[in-house]
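Have the viewer open as you read.

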Amino acid sequence: MSNSLPTAFVSHSVPGRVRLRVPSMRQKEDYFARLREQLASVPGMRRLTTNTRTASVLIEYAGDLPALDQLGADHALFSWSSARTRIP
């Protein structure tokens with residue numbers, strides 16, 4: 001992977017659950033394995049499921065989820081696109 005981070009966006013969100021998409025990482029199992037490993041320790045994370053075929057990340061959480069753009073930056077996993085973000 002180059003020095004630039006892949007772009008992520010929220011495709012769907014309801015309280016306690018959010019689905020991210022990272023289209024440029026489609027079929028990249030090593031990327032999603034690293035993402036699962038790094039985000040699993042985030043406080044409040046209940047379950048984290050990835051799908052490399054759809055380049056999606058399903059996050060189920062309790063309480064308040066830290067800002068997704070900050071999570072991506074802190075863990076050097078993705079940059080943020082607010083163009084398609086829909087958070088209730």
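Helices (H or I, at least four residues) and strands (E, at least two) are DSSP runs, numbered from the N terminus. The model is predicted, so local features need pLDDT of at least 70 and side-chain atom pairs pLDDT 80 or more, while totals for chains, interfaces and linings use all residues. Residues are numbered from 1 along each chain as its sequence is written, and side-chain values use heavy atoms, without hydrogens and water.

Let's begin with E60, which is found in strand β4. E60 is buried, at a relative accessible area of 13%; buried means under 20%, exposed over 50% and partly exposed in between (1.4 Å probe, protein chains only). The side chains of E60 and R47 are joined by a polar contact of 2.6 Å. Such a contact is a pair of N or O atoms within 3.5 Å; within protein, one must be able to donate a hydrogen and the other to accept it, and residues adjacent in sequence count only if both atoms are side-chain atoms.

Now for the sheet: it is open, with five strands in the order β3-β4-β2-β1-β5 and mixed pairing. Because β3 (45-51) and β5 (79-80) are edge strands with a single partner each, one side of each has no neighbour in the sheet. Strands pair if DSSP finds at least two bridges between them; β1 (residues 7-14) and β2 (residues 17-21) are antiparallel over five bridges.
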